[in-house]
Amino acid sequence: MKRRVLHLRWMAFFVVMSCLLISLSLDNGTAIAAAPDWWKGPAQEYDQLLKNAEKEGKVIWYDSADEEGATMITEAFNKLYPKIKVEHMRAHGLDSRETILREIHSGATKMDVLEVSDELQTTYAELKLFKKVDWLKFRVDPIMPSKDGTQVKVGGSLHGAAYNTGKLSLQDVPKTWEEFLDPKWKERKIGMDTRPKTWVGLWPAWGDKKMTEFLNKLGQQKPLYKRGTTALVQSLAAGEFPLMAGATFDSYNKVKSKGAPIDFYLPKPMVPVTFEREGVLSNAPNPNAATLFLGWLATAGQEIRDKATNGEGIPLPGYNTGGGRLVKSKDQLFIFDDEWLSKKSEFTEKATIALGLKK
Amino acid sequence: MFDRNKLRVEWERGAFILTGGIVAFLVLVPVGILVWSSFRTGRPGFPGGTYTLANYVKAYVDPSTYSCLLNSVLYATGDSILSISIAITLAWLLERTNMPFRNLGYALILVPMAIPGMLFSIAWSMLLTPSIGFINIVLRGVLNLFGFNMTEGPFNIYSLPGMVFLGGLRSVPTLLLMIVGAFRMMDPSLEEAALVAGAGRLTSLRRVVIPVLRPAIFVAFIYVFIGALEQFEIPAVIGIPAGIFVFSTKIFFEATAKSPPDFGLTNAYGVAFIIISIGLLYWYAKATARAERFATITGKGYRPRVIDLGSWRYPAFLLLFSYFFLIVVLPVFILLWNSLMPYYQAPSFKALSQISLKNYEFILKVPRVTLAVKNTLTLVALTPFVTMFIAFMVSWVAVRSKVKGRRLLDSVAFLPHTMPSVVIGLALVLVYLNLRFIPIYGTIWIILIGLVTKYIAYGTRTSTSAILQVHKELEEAADVSGASPLKKIMQVTLPLILPAFVNGFIWVAVHSMREVSIALMLFSKKNAVISSILWELWQDGRATETSALGVMLILTLVIITVSGRIIVRRLSRQY
């Protein structure tokens, strides 16, 4: 009898072990991983997401990072998730984003994750091209997911000013935006982008009247206009003009890292921040891998994204990004967010006219 | 005899239908989309748009449209006059005189085509920016020695004269290629007669050569004038910092600098381009209506000869080299300098310590460059063949056949030259996203179609002016000898115009390699080309890396143009 009980115990042990082995083999060989610290939701959900993502094995990612930066990001992700291959395709500039929009709409191109410019937010929402995801299950700042949950912020541009250190010192530069109107900065002393992104970013904070008056006066300073902030920062470094209004932190970093004699600072009273948003497409062929990748990019991937994009990580206090370290408090910033996006084109038009750029 | 005539008529009709079909597909589809979308609201291809006249009201009630138009006309006129003056002088020196180093000179003159417009404009902005332009720095140094203390200038490239100066310099190679064939093939006995009658060399150039070559020059002038109206790079890089807006930069602001792009408004402006061009085409048609008057290759002892410049030979070469220095040496020098720097700075001894090849290393490491090189080479090999073949067919039908509608065919082939490349690109996107059973969207073949459409106008101008110079008595002689229509074209017409044809071929090849707008509009995963990568780098603010790729591109294009020149030279000797 005793022997029989022992025998049955051994039988039970083998059955349990066999079941465990079978369940592991059905998991495609993946051990159940502990949820990482950038995941806030239930651990089981993470496991399920990971399992499905690994089954899909691929993410097609359209983003503005250049190849060098994108490689840094995908390699970092692949170190963590070697079974998910990230294929990067560049979506850069309004032209190519318009083309991508047409391709998605016509079904000519399949992709999983897409960075969407502010200008196209409304269109994507109207056409319901993005999938809803509960981004708060990832450890993101509550302001990072869009209100409708279709996108999450993965980076941001901090708009400030820059100056050529060979021509000016920090004492000489205008400390507030209004000080740029001083007559000493007249006639090609200030470099500015033809695309008034900085001023559009400030528009809701200052309102129509103040902004229009300011831009009228700024236009009368006869700044030197060029297209593209990095091109302007290059000219600033070369000494074409001593001061630049509306420099972005990433464009400054790009040139500064090569040893250029320039410096960046944040004029008062408000510093505009514009964000880069990405979402998972409704018809994504790999939706789980896409969600996992994007969730990582918005949280743990921020540090590497910041490096890969010369400082285009989330510029909020508490983030281990260049902008995050520069900004002391959220109150210092004006965050151009969801409620203003639909008005961006209108602000852009008004700013262009107020500066005298549209003739 | 009746049968032969019938065969000729059938052949001409067949050629007209075939060529007409191809041209209609290439040209009328984008033109149709341009006109259609000028009456639409909303994004083309998306639901919700309606028919409207509002785009026209907005475009043509706005007074700024007319100030931009005036700037465009001033710019285009200045550009065309400056470039035609230089081009005629250089064409005459190269083809009709014994100026030394003519072959070298010819190769040098074609080199500027190898510099993409954006790089050329950027280079000149680095040379003549009032504060840090290299030429201005050097000139200020010299002026300071004479007691003139200046902190800026003396030159300011950011001005209308600055734009005209650059535009004029830049249009010369195109004009030269269009008219040089006519200079080469002109019967020299006309000049000799003028000289015998006591006219000086300049007088004979002014009173004999130019009037005889008027159709070719007029066609080229119209081409460059319209091209200058549509020109974007110089007005964007030089005009915008000066606050000078032209029609093309206005269109750019409407089409691409905002979202959603206002294509309806853009295309309402584009229709104005087409109307202006139709007006110019009417003049052109009148000028070429009596084409035979201007035929200079006849069956009567055609033998090109050169004019002895005597003691003016070397100063003539110096003149040509000065042009080359301005358009190639200075801009390439500044690009090369920039490509060796970590960030842009004016050339100085102090900056010499920072020279490195890092930008070149960076370019060679970009993985997509390999794919882009492969795609670009495929396009460079195919686009000129297809373009010049269609162009020759169009020109032959227009000039030699008697089919009704032949002039219309020629005019239709000219229309793409008046259309902004952005519009051509957009039209192709809309067409091939909808015609998915033709699986070329996202491939290089759609770019090929875009480039052929864009350059067919140049191809037809080159081959039309060349065919106009060949008197039809030569073809009639072939007819009498019993040659078939195809044999007549292959053995009489084509060999006689081959140098001009190959010049056109080189022009299309070089421009295909540097065309940006169409490649960007049609850009997808697998069809990156060098020019789109160049643009991407520039947009990223990688000015020094852009310069490095630019220098590499220019070197490649120089090899193509110089090899092309060698081929043309051999062909010229052969025929």
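Buried area is the accessible area that two parts lose on being put together, summed over both. In this predicted model, the area buried between chain A and chain B comes to about 4600 Å², and carbon and sulfur atoms give 52% of that area.

The secondary structure of chain A consists of 13 helices and 10 strands, and its C-alpha trace spans about 105 × 45 × 35 Å along the principal axes. When contacts in chain A between residues at least 6 apart in sequence are considered, 73% of them join residues at least 24 apart.

Where chain A meets chain B, 48 residues of chain A are in contact with 57 residues of chain B. The rule finds 9 residue pairs in polar contact across this interface, counting pairs with both residues at pLDDT 80 or more. Several elements of chain A give two or more residues to the side that touches chain B, among them strand 1 (58-63), helix 3 (67-80), helix 7 (229-238) and helix 13 (344-354). Helix 4 of chain A gives the most to this side, with 9 residues. Sorted by class, the side of chain A that touches chain B has 17 nonpolar, 12 polar and 19 charged residues.

Charged side chains also pair across the two chains, and the count between chain A and chain B is 4 salt bridges. In one salt bridge, the side chain of Asp66(A) meets that of Arg542(B), at 2.7 Å from N to O.

Terms used:
Residues numbered from 1 in each chain as written. Chains lettered and ligands numbered in written order. Predicted model: local features only at pLDDT ≥ 70, side-chain atom pairs only at ≥ 80, totals over all residues. Heavy atoms only, no water. Contact = heavy atoms within 4.5 Å. Buried area = accessible area lost by both parts, 1.4 Å probe. Polar contact = N/O pair within 3.5 Å; in protein donor to acceptor, adjacent residues only side chain to side chain. Helix = DSSP H or I, 4+ residues; strand = E, 2+ residues; numbered from the N terminus. Nonpolar A, V, L, I, M, F, W, Y, C, P; charged D, E, K, R; others polar.
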